[in-house]
Amino acid sequence: LGDYALFASLQWHISSNLTFQPAFRVSYNTKYESPVTPSFNIKYELKNTILRASYARGFRAPSLKELYRQFYDSNHQIEGNDELVAERSHNFNLNLNNSSTLLSRPMKVKVNVYYNIIEDRISLVQVDPDNPLHYRNENTDHFESVGGDITLGIFPIRNLSLDGGFSYIGRKDSY
């Protein structure tokens with residue numbers, strides 16, 4: 001099983017505040033047809049604020065272990081699956097970073113959000129309801145994850161940072 005790829009990226013400074021960075025990966029897999037996988041990143045800077053947005057297309061061929069491994073012991077019955085198809089995905093990210101002051105003290109605010117879609121996700125799935133040890137690698141139809149976090153940091157005294165935040169991670173699977 002072979003996987004060979006070429007990657008190219010270009011960074012275009014549209015203005016002093018705006019940068020656009022496209023990239024492309026062209027790959028060849030000896031068993032699976034690999035698509036061209038692009039990614040696009042944009043960064044906007046304004047004074048103490050940086051806003052970044054990105055999109056990336058993904059492709060992952062099954063590994064030899066996922067395809068052919070047979071592992072049996074007293075606690076496991078794990079089987080590979082040579083009928084697996086490759087995963088294909090989309091990833092979206094948005095990040096905001098701000099540095100400013102609060103009551104004459106430095107502070108920072110970070111906001112990150114993401115959304116992922118994976119088609120034909122490769123997962124280890126229990127295949128025998130009467131045997132909780134029997135698993136096989138299978139393609140699951142559709143997987144989505146969404147999440148983000150907000151962090152606030154303040155510097156009450158020199159060389160001390162206090163950070164607090166909130167995170168959310170959600171997922172949805174279809175089998």
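**Entry 1: the model.** I am working from a predicted model, so I read every value below as computed from it.

**Entry 2: nonpolar surface.** I looked up which residues make the nonpolar surface patch. I found Leu102, Leu103, Leu152, Ile154, Ile157, Leu160 and Leu162, with an area of about 650 Å². Next I asked which strands each supply at least two residues of the patch. They are β10, spanning 134-157, and β11, spanning 160-174. Strand β10 gives the largest share, three residues. Ile157 is one patch member that I located in β10.

**Entry 3: nonpolar core.** Then I went inside. The largest nonpolar core has seven residues, and I listed them as Tyr32, Phe59, Ala61, Leu67, Leu84, Ala86 and Ile122. I picked Tyr32 and looked up its contacts, leaving aside neighbours within four places in sequence. Tyr32 touches Phe59, Ala61, Leu67, Leu84 and Ala86, and also Pro62 and Val85.

**Entry 4: Thr19.** My last stop was Thr19, which sits in strand β3, residues 18-29. Is Thr19 buried or exposed? Its relative accessibility is 12%, and the cut-off for buried is under 20%, so Thr19 counts as buried. What does its side chain make a polar contact with? The partner is the side chain of His13, at 3.3 Å.

Terms used. Residues are numbered from 1 along each chain as its sequence is written. This is a predicted model: local features need pLDDT of at least 70, side-chain atom pairs count only at pLDDT 80 or more; totals for chains, interfaces and linings use all residues. Side-chain values use heavy atoms; hydrogens and water are left out. Patches are made of residues with over 30% relative accessible area and no salt bridge: like charges are joined within 9 Å, nonpolar side chains (Val, Leu, Ile, Met, Phe, Trp, Tyr) within 5 Å. Accessible areas come from the Shrake-Rupley method with a 1.4 Å probe; for residues, only the protein chains shown count as cover. A salt bridge is a side-chain nitrogen of Lys or Arg within 4 Å of a carboxyl oxygen of Asp or Glu. Helices (H or I, at least four residues) and strands (E, at least two) are DSSP runs, numbered from the N terminus. Buried means under 20% relative accessible area, exposed over 50%, partly exposed in between (1.4 Å probe, protein chains only). A polar contact is a pair of N or O atoms within 3.5 Å; within protein, one must be able to donate a hydrogen and the other to accept it, and residues adjacent in sequence count only if both atoms are side-chain atoms. A nonpolar core is a set of buried Ala, Val, Leu, Ile, Met, Phe, Trp, Tyr and Cys residues joined through side-chain atoms within 4.5 Å. Contact means heavy atoms within 4.5 Å.
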